[in-house]
Amino acid sequence: MAKFEFKKDTKKETKKPRPVKKTEISKPQETYDPMKTTQKVEKDLETKVEKRRVGRPKTGRKSYQTVRLQKSTVIKINALENALGITTQDETVDQAIDRVINNLTTDEKRGYDLWLEMFKKKDSK
């Protein structure tokens, strides 16, 4: 059997590195201009329109407390809400309470103010 011989010189000659192409450096399309950026931000602030958020408000804006009502009372509140075109039950109850407060006598009004002040102080603690 013949002995296999490796020829190292021929392998090195056949494998030559590919030539590297020259890479051209591109110029930026736009450069940073602080005055232009400031004007853009001011323009955006002027045209920005407040969008009304849907759903429950973030914590801290309003405080909620559970109130238990009978089903018949809730039905009356919903009927008033639809009849008067009010969007929420809270607004319906608030309007009803305002109407009751406006119809109080002076003695009832004084008692209401005292109780309201006491409850506000108690709530703030």
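This is a predicted model: local features need pLDDT of at least 70, side-chain atom pairs count only at pLDDT 80 or more; totals for chains, interfaces and linings use all residues.
Figure 1. The protein has 5 helices and 0 strands, and from the N terminus its elements follow the order α-α-α-α-α. Its accessible surface amounts to about 14,100 Å², and carbon and sulfur atoms supply 54% of that area. The next views zoom in on one pair of helices and then on some of the residues between them.

**Figure 2. Helix 3 crosses helix 4 at roughly 90°.** Here you can follow helix 3, residues 71–84, as it meets helix 4, residues 89–102. The two axes come within 9 Å of each other. Since a crossing angle of 65 to 115 degrees counts as roughly perpendicular, helix 3 and helix 4 are described that way. On the helix 3 side, the residues in the contact are Val74, Ile77, Asn78, Leu80, Glu81 and Leu84; on the helix 4 side, they are Gln89, Thr92, Val93 and Gln95. By type, the residues of this contact sort into 5 nonpolar, 4 polar and 1 charged.

**Figure 3. Thr92, a buried residue of helix 4.** Look for Thr92 within the stretch of residues 89–102 that forms helix 4. Its relative accessible area is 4%, and because buried means under 20%, Thr92 falls in that class. Setting aside neighbours within four places in sequence, Thr92 is in contact with Ile77, Leu80, Glu81 and Ile86. Among these partners, Ile77, Leu80 and Glu81 belong to the helix 3 side of the helix 3 and helix 4 contact.

**Figure 4. Glu81, seen from the helix 3 side of the contact.** Is Glu81 buried or exposed? With a relative accessible area of 13%, Glu81 is buried. This residue sits in helix 3. Not counting residues up to four places away in sequence, Glu81 touches Ile86, Thr87, Thr88, Gln89 and Thr92.

Figure 5. Gln89 lies in helix 4 and is partly exposed, with a relative accessible area of 40%. Which residues does Gln89 touch, not counting residues up to four places away in sequence? They are Val74, Ile77, Asn78 and Glu81. For the pair Gln89 and Val74, the separation is 15 residues in sequence, while their C-alpha atoms are 9.0 Å apart in space.

Figure 6. Gln95 is found in helix 4. At 36% relative accessibility, Gln95 counts as partly exposed. Apart from neighbours within four places in sequence, Gln95 is in contact with Leu84 and Ile86.

**Figure 7. Helix 5, lying largely in the open.** This view takes you to residues 106–124, which make up helix 5. Of its 19 residues, the number buried is 0, so helix 5 lies largely in the open. How far apart are the end C-alpha atoms of helix 5? They are 27 Å apart, in agreement with the 27 Å that its 19 residues should span at 1.5 Å a residue.

How values were computed. Residues are numbered from 1 along each chain as its sequence is written. Side-chain values use heavy atoms; hydrogens and water are left out. Helices (H or I, at least four residues) and strands (E, at least two) are DSSP runs, numbered from the N terminus. Buried means under 20% relative accessible area, exposed over 50%, partly exposed in between (1.4 Å probe, protein chains only). Contact means heavy atoms within 4.5 Å. Axes are lines fitted to C-alpha atoms, for helices over the stretch in contact, and angles run from 0 to 180 degrees between N-to-C directions. Angles under 35 degrees count as roughly parallel, over 145 as roughly antiparallel, 65 to 115 as roughly perpendicular and the rest as oblique. Ala, Val, Leu, Ile, Met, Phe, Trp, Tyr, Cys and Pro count as nonpolar, Asp, Glu, Lys and Arg as charged, and the others, Gly among them, as polar. Accessible areas come from the Shrake-Rupley method with a 1.4 Å probe; for residues, only the protein chains shown count as cover. The expected span of a helix is 1.5 Å times one less than its number of residues.
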